[in-house]
Amino acid sequence: MRALLDTLVDDAAIFPPGNLPLAPAIREHRGHRTAWYSDLVGPFLVSDSRLAELGRLLSDRELSAEPPLAVSLVVTGGAGALEPALTWAERDERVRLRSVEIALRDEDDLARNAHRVTLVLAGTLPADVTAYVELPHDRTASWGAAADAVAEAGHRLKFRTGGETAEAHPDPAELAHSLVAALDRELAFKCTAGLHHAVRNTAPATGFEQHGFLNVALATRAVLDGAGVDEVVRVLTDRNAVSVASAAADLDAEAAGRIRSWFTSFGSCSIAEPVTDLVELGLLSRDPAGVAS
């Protein structure tokens, strides 16, 4: 399971629906990084609009503690905001920039927007930083051309798998088509929002149909094994926790690593929910030495 779960969950505590204030979110992230399940936790997600606040907070002795804060930078201001945000993050020694994420804003011409974003990234992206470009889950006429532009530039895709409205959650067929399209282009991807739980479920508070992150991992394997969209949909819609957990447990290290080379991570405003689910499914436990196994 270590090969499947390592750095799977990016810490999106300050984003909806969690909306945790930045200072306690940083404090909690530091705690996650030293907890028994720390191997599960990826970088801290912060938006470009919060960088000034982040800089002030990291001047605090407690919050600026070693090591530097590993972050994934979510750029909300469009292509023009990429360069100043990346420059700030690279210059601050209290931050270790791991990746940058940006959504395509002009949905009437996604391909043109994608070319503009990749052009800016070509001149500003540090060599050791990964870029994720978010495409909408509703596939417009230029969706494929935008994905091609991302692939040609050597970047990765980002798929929104949930949000604060029912419409923000792609149905299984939409997500299946996105996974197939990404892997057909040899594009790694991450997911964001909605993957609060390991297995597909109906959220009791909202009634939203939510994808499971283990379902997405197994669906990725299905695509890699040559499955068509219908089979991928079947995997994504499996609500049987026993069968989903069993399929994940049956993966050997090579298969798990192959999945994760394409499905790189997902952002969650809660670290506790994925950890709790994995423990309840018997896929993650704290051994007597106090570490995850």
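## A tour of the salt bridges

Select R2 and D39 to begin, and you will find their side chains joined in a salt bridge, with 2.5 Å from N to O. In this predicted model, the pair ties together distant parts of the chain, since R2 sits in helix α1 (residues 2-5) while D39 lies in the loop between α2 (22-34) and β2 (41-47), 37 residues apart. Colour the two by accessibility and R2 comes out as partly exposed because its relative accessibility is 49%, while D39, at 37% relative accessibility, is likewise counted as partly exposed.

Next, select D10 and K190, which form a salt bridge whose closest N and O atoms are 2.8 Å apart. Here too distant parts of the chain are linked, with D10 in strand β1 (residues 9-11) and K190 in strand β7 (residues 189-192), 180 residues apart. Are these two residues buried or exposed? D10 and K190 are both buried.

Now move to K158 and E101, another salt bridge, in which the closest N and O atoms lie 2.7 Å apart. Strand β6 (residues 156-160) carries K158 and strand β4 (residues 95-103) carries E101, so that the pair connects distant parts of the chain, 57 residues apart. K158 is buried, and E101 is buried as well.

For the structure as a whole, the count comes to 13 salt bridges, including the R2 and D39 pair where the tour began.

Note on methods: Residues numbered from 1 in each chain as written. Predicted model: local features only at pLDDT ≥ 70, side-chain atom pairs only at ≥ 80, totals over all residues. Heavy atoms only, no water. Salt bridge = Lys/Arg side-chain N within 4 Å of Asp/Glu carboxyl O. Helix = DSSP H or I, 4+ residues; strand = E, 2+ residues; numbered from the N terminus. Buried < 20%, exposed > 50% of the residue type's maximum accessible area, 1.4 Å probe, protein only.
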